[in-house]
Amino acid sequence: MRPQPADPDRPPRAFRLSSVFLVSLIVVSALAVSAAGALWVVGDIVGFRSTAAEIRTRYEDFARQRLEREVERAVAYIEFRIASLEGELRTRLEERVRRTAESSEALYAELNRRGMGHDAALGSVLSMLRPIRFDDGRGYIFATTLNGRQLLYPTAAHLEGAVLLDLQDARGNYVVRDEIELVRRQGSGFATGFWRKPDAGTDMAHAKITFVQGLPGLDLYIGTGEYLDDFAADVRRSSLQRLSRIRFGAAESLFVIDAETRTVLLEDGRVGEAPLEASQVLPAAAPGAEGRLLSAAADGGGFFEVVRHR
C-alpha cells in the first residue's frame, strides 16, 4: 500500500497534543479559580454572618441597657412623688391658707380704715372667701370663731351659724375643739381628721389633712383641707401625664399597668384606666403573655420578651 501524502493544512501530531494539554490546563485553572472564588464568597458570607450576629448582640445589649435606664428613671420619679406626697400636700394647703389670711386681713383693715364696722367688714371678708375653690372644686375655705361657731362652710351652708364644738370625726376626735386649741396654742398648724365620703359607697374613713390659721383681728380662724387619697389621685394623673411625654430611641415609650391590672398608660401616650388587653400592650400572638408580664413585675422586674408582628 502506498503511503498517503501529508495534509499541508493539518498540524503535526505533537502540536495537537500540546493544544489539548493547554486547553485542559486552562479548564483546570478556571475550575480552580472558580473554586477559590466560591470558597472566598462562602468565607465572606460566614464572616458577614458572624459580624452581623456580633452587631445584633451589641445592639440588643445597648437596647436592654437603654430600656432598663429609662424604666429605672420612671420608677425613681414615681417613688419620689409617693415619698413626698403628704409633704407636698401640706405645703400646698399652708400656702393657700396663708395667702388667703393675708388678703382677708388686708381687706378687713382697709374697710375699717374707711369707717366700716366690725360686722359689716367681716361680712365682706366672708363674701370674698365664699366662692374660692381649689382642686377642681373639692377644696374651699372655711371660717370658725374661737368659740366654735361656724361662720363659713361653703359646701354645707346649713351649718353656718351653728356651734360645732361637739363635732366628731369617724374616729371620735373632736375636730373643731382640736383646731381651736391648735390656733390658741401656736397660731396655726395642721390637723388630721378621718371622715366618710358620701360618694365613696363605703363606710371606710378617709384621712383629711387640714391647715388652719388664726386671724386675731377678726377673732376667728380660717382653714382648708384635702383628703389624702384624692390628692394622691391627682398626683397619679399628673405623674402619668409626665411619663406619657417620655420618648427614647426611634419611637419607644413607656406603658404602665397598675396593681389592679388596668392599663393606665398606653404605649401611644394615652392616659386612661381601661382593663388590661393584650392588644394594648402586648402582641396579639402571645398566649399567656399577660400573666407572665405581671408575674415578672411582681418578682421585682426584669426583661420580658415577646415577638411583635408589625
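1. Helix α5 (residues 228-244) lies across strands β4 and β5, at about 55 degrees to β5. Helices (H or I, at least four residues) and strands (E, at least two) are DSSP runs numbered from the N terminus. Axes are lines fitted to C-alpha atoms, for helices over the stretch in contact, and angles run from 0 to 180 degrees between N-to-C directions. Contact means heavy atoms within 4.5 Å.

2. This is a predicted model: local features need pLDDT of at least 70, side-chain atom pairs count only at pLDDT 80 or more, and totals for chains, interfaces and linings use all residues. Residues are numbered from 1 along each chain as its sequence is written, and side-chain values use heavy atoms, with hydrogens and water left out.

3. Now the sheet. It is open, has 5 strands in the order β2-β1-β5-β4-β3, and its pairing is antiparallel. Twist averages 30 degrees from one strand to the next. Two strands pair if DSSP finds at least two bridges between them.

4. Strands β4 and β5 run antiparallel and are joined by 8 bridges. Ile 209 has Glu 226 of β5 as its bridge partner.

5. Helix α3 (residues 118-129) lies across β1, β2 and β5. Its angle to β2 is about 60 degrees.

6. What is the place of Thr 100? It is in helix α2 (residues 85-113). Thr 100 counts as buried because its relative accessibility is 8%; buried means under 20% relative accessible area, exposed over 50%, and partly exposed in between (1.4 Å probe, protein chains only). Beyond its neighbours within four places in sequence, Thr 100 is in contact with Leu 129, Ile 132, Ile 141 and Ile 222.

7. The second largest pocket is lined by 35 residues. Nearest its centre lie Tyr 140, Tyr 153, Trp 195, Lys 208 and Tyr 227. Elements giving two or more residues to this lining are β1 (142-145), α4 (175-186), β3 (188-196), β4 (205-215) and β5 (220-227). A pocket is an open set of points on a 1 Å grid over the protein atoms alone, where a 1.4 Å probe fits, with protein on both sides within 12 Å along at least five of seven lines; lining residues have an atom within 4 Å of a point.

8. For the whole protein chain, the count is 7 helices and 8 strands. Buried residues make up 30% of its 310 residues.
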